[in-house]
Amino acid sequence: MTDQTPISREDRVEKLKGVGSQRKRVEDARFTQGKGNYVDDIKMPGMLFGDFVRSPYAHARVVSINTEAALKVPGVLAVLTAADLAPLGLHWMPTLAGDKQMVLADGKVLYQGQEVAFVVATDRYAAADGIEAVEVEYSELPVVVDPFKALLPDAPVLREDLEGKMVGAHGPRKHHNHIFTWEQGDKDATEAVLAGADVVAEEMVYYHRTHPCPLEPCGCVASMDKVNGKLTLYGTFQAPHAIRTVVSLISGIEEHNIRVISPDIGGGFGNKVGAYPGYVCSVVASIVTGKPVKWVEDRMDNLMTTAFARDYWMKGKIAATKEGKITGLWCHVTADHGGFDACADPTKFPAGFFNICTGSYDIPVAYLAVDGVYTNKAPGGVAYRCSFRVTEAAYFIERMVEILAIELGMDAAELRRINFIKADQFPYHSALGWEYDSGDYHTAWDKALAAVDYEGLRKEQAERVEAFKRGETRKLLGIGLTHFTEIVGAGPVKNCDILGLGMFDSCEIRIHPTGSAIARLGTISQGQGHATTFAQILASEIGLPADSITVEEGDTDTAPYGLGTYGSRSTPVAGAATAMAGRKIRAKAQMIAAYLLEVHDNDLEWDVDRFVVKGAPERFKTMKEIAFASYNQAIPGLEPGLEAVSYYDPPNMTYPFGAYICVMEIDVDTGVHEIRQFYALDDCGTRINPMIIEGQVHGGLTEALAIAMGQEIAYDEMGNCKTGTLMDFFVPTAWETPHYTTDHTTTPSPHHPIGAKGVGESPNVGGVPAFSNAVHDAFRAFGLRQSHMPHDHWRIWKIANGLGLHG
Ligand code: MCN
Ligand code: CUM
């Protein structure tokens, strides 16, 4: 093998396209040319289509289901109901939150759109006709859409299956519609601080129900091969291995006979973590018919029935000295989980990582209690770039700090500054139990304030208020500040599992003889660009160009076991596994190089893409040469080949952070807003690919804009979902999307092999409070304290009207 590597060290580094390189996304050649392979692109010989009869009522008894007429519709082959699934024990399924959920209506329905029967037909149209022909008789029951009303003594019993069971998956239940109480922190100490404080700001902060609405809805194709007993399940799964295990446990099919494949996924955003009735019904239908069965949601199905996000009522009290030093935080959350608790949190965290709600601040004592409640709404609850409820936590604390600033008559930027955890306090132990790994909040904050000329903006704002009062303008100026702290990378197996599966992750690498490689991971990209970035991590670790490394995810027959992609965990966990597997490769490569160069291992040092004999730079072996040698030479004491696998259990989570500032103009007479400037500084530790990070931030900010400024899953009193179509559910386009200025600081994670923290969810976690705080701040001079999102034009107009600004 001759080696063609360029001479200069810089050239060699550049050629690798390793960590820090703005490498272009390798996925895009396929996607931009229509060569993506999504679930709905999968076509198999004889494939059938399944679809659901769904409940028009939010709460009703199912009196009878008559499938006779439907079975006569041409093309309809079968109609499954709970009665068909019951003998198999599949009419209910476990949820990731330790609850159980009806696969098909078993006696009653609990939310509009709930799955009642599954029609299997030769094509989608026949299935739709079959659905029309199924006759279901319902008897309506009283509906509860308000979680506070759900807890009244005389509220209707929603979950009759749980009647009399006063202990649930997360401890005691206080009421027939109560799911759990989750308590953290020191209640007595916090109440004592509140009682003796100079100032206590108290407020109810609501983070409304919304939905990730990925471009591609959820779906699957189940194919049971009755000859060899193997089930292949293609689907939009964010956690393919976990799905395989769950399918095995509930179906009794042995795990080696199940192959789960996540092909390309058109956006996940947490919507595709959980298990849905469509998966179970497709598998059963394939077993029954012996043919492959496809189920793919339409937009309404997706918006109305699959994992929603948020719906948290957060009552807060924050105590401080007159000078503005925060002395304590108290929070009680009423969490609306809908008809079934189908949250996808780690098992021991029924409210996710909401206990990061002390945020970026050094708060000595805190107390948190979360009550989960059943209502007649769709189940789910952890989705949409949430980092397991960190979005709610960040919104809560960033609103409470703004309200405290009002109470104290202080500048909100200054109030934050004097309460930030200081750089020398890391690792920092928060009052609600976390160990923040690293941070430098003051540096980030000062950089952000300087970048937008914060003082200048405040002056302009004050002048604007005066001009408004003089009648010279009808526009107000809002400055939305946020400093958020994220917690991502679940997580240490000792405290994070999903259904008992520890949340490690994995990477397996095979180096080919000619010095290229394939790496397989337990995660699965849904647009985050893993094929691009994980190859970069490896390039830096093993000295082969990223362009020579294929990254493959999502096939449980080939990829090592992993817990999947959500909670921005891929980089902190699988990224770490990738680096560690790379290091194993390098360790063996060092032994091979030592043999080839006839020196001791310790006489070699690593240099970009090669091992060099210390003190003799002309004597080296490149990784490419070593790869070939590993296959063509018999090396005493070493097995042939060059492969490694790493299962990585992180010692801690990572704590990315950021400083966001939104400058917004608001027209008081129309309620229309205009975003003049949005500055986003993110610190995600070592940056693998700055361009990908920027893309993640742009996307997350746009989703944050949507949530803060208009997006909502709303119900009427009857439990009708009022926002089940894209006519009613706001999804921003390029038209509504402002220009973003991105920036960064770099504070590496001390425990991650390459110092990287996650970033995917940060822009949503920090973006929503920045937009919302801008709206609130615009009206601060006129006495606004708190107004619930989404801040659509109508609601902003109502704020102005309520403050008497319409004359
Ligand atoms: N990255 C980097 N340097 C870092 C951190 C991350 O270059 N220091 C890169 C990563 O290598 C990866 C991307 O940024 O290519 C996101 O990494 P990470 O923050 O680890 O998040 P995950 O890959 O685990 O993605 C999950 C996260 C979540 S939970 C949601 S929700 C979300 C998000 O990613 N869903 C998305 N971003 C999304 N982007 C797209 N296009 N589609 C989705 O469904
Ligand atoms: Cu919570 S949305 Mo992401 O974790 O897939």
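Reply: Here are a few notes on a sheet and on the nonpolar cores. This is a predicted model, where local features need pLDDT of at least 70, side-chain atom pairs count only at pLDDT 80 or more, and totals for chains, interfaces and linings use all residues. Residues are numbered from 1 along each chain as its sequence is written, and side-chain values use heavy atoms, with hydrogens and water left out.

Me: What's the strand order in the open sheet of three strands?
Reply: E29-E30-E31, with antiparallel pairing (strands are DSSP E runs of at least two residues, numbered from the N terminus; a pair needs at least two DSSP bridges).

Me: Why is one side of E29 and of E31 left without a neighbour in the sheet?
Reply: Strand E29 (604–607) and strand E31 (616–622) are at the edges with a single partner strand each, so one side of each has no neighbour there.

Me: How many bridges join E29 and E30?
Reply: Four, with E30 covering residues 610–613. Glu605 sits opposite Val612 in E30.

Me: Switching to cores: which residues touch the most other members of the largest one?
Reply: Phe353, Phe354, Phe678, Phe771 and Phe779, out of 185 residues. A nonpolar core is a set of buried Ala, Val, Leu, Ile, Met, Phe, Trp, Tyr and Cys residues joined through side-chain atoms within 4.5 Å, and buried means under 20% relative accessible area (1.4 Å probe, protein chains only).

Me: Which helix gives the largest share of this core?
Reply: H11 (residues 390–408), with twelve residues.

Me: And what lies apart from it?
Reply: Another core, of 45 residues, including Ile509 and Leu521.

Note on methods:
Chains are lettered from A and ligands numbered from 1 in the order in which they are written. Buried means under 20% relative accessible area, exposed over 50%, partly exposed in between (1.4 Å probe, protein chains only).
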